[in-house]
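Here's a quick walk through one model, starting with a helix residue and ending with the pockets. Have a look at the sequence and fold first.

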Amino acid sequence: MEMPRRFQGEAVVTAMHILNRATTRALDGQTPYEAWYGQRLNVHYFRTFGCVAYVKNVIPHLSKLDRSEAMVFLGYEDGSKAYRVFDPEANRVHVSRDVVFNEEAKWD
């Protein structure tokens with residue numbers, strides 16, 4: 001998705017998250033997650049790194065058009081079911097569960 005180099009660390013963390021949930025020959029076709037916890041992992045939440053993510057704005061009394069902000073998907077938050085997204089306007093990373101993805105679009 002042609003992300004800037006400053007997000008290289010986020011890309012590595014996201015890649016490790018995905019690799020820990022992929023099958024391996026060392027475990028006879030099991031994933032590390034499956035070997036550790038004894039159950040299959042659902043990976044329906046995987047998204048394309050660097051795609052556009054629309055994050056729900058939780059400020060009260062907003063109009064319909066102001067209820068979401070376009071941000072950039074960076075990865076998954078450890079220990080929760082949330083996503084890490086980058087807000088280019090505020091230049092900071094947010095963690096949110098209320099996200100809708102457009103995986104075909106990339107960040108400029």
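## Helix, sheet and pockets

Thr14 sits in helix α1, residues 8-19 (helices are DSSP runs of H or I, at least four residues; strands are runs of E, at least two, numbered from the N terminus). This is a predicted model, so local features need pLDDT of at least 70 and side-chain atom pairs 80 or more, while totals for chains, interfaces and linings use all residues. Residues are numbered from 1 along each chain as its sequence is written, and side-chain values use heavy atoms, without hydrogens or water.

Is Thr14 buried or exposed? Thr14 is buried, at 6% relative accessible area (buried is under 20%, exposed over 50%, partly exposed in between, with a 1.4 Å probe and protein chains only). Leaving out residues up to four places away in sequence, Thr14 touches Phe49, Leu74, Gly75 and Tyr76 (contact: heavy atoms within 4.5 Å).

Now the sheet. Five strands make an open, antiparallel sheet ordered β4-β3-β2-β1-β5 (strands pair if DSSP finds at least two bridges between them). β4 (92-96) and β5 (99-106) each have a single partner strand, so one side of each lacks a neighbour in the sheet. Five bridges join β1 (residues 51-56) to β5, and Val52 has Asn102 in β5 as its bridge partner.

Finally, the pockets: open sets of points on a 1 Å grid over the protein atoms alone, where a 1.4 Å probe fits, with protein on both sides within 12 Å along at least five of seven lines; lining residues have an atom within 4 Å of a point. Volume is the space filled by probe spheres on the points, joined across faces, edges and corners.

| Pocket | Volume |
|---|---|
| Largest pocket | about 370 Å³ |
| Second largest pocket | about 160 Å³ |
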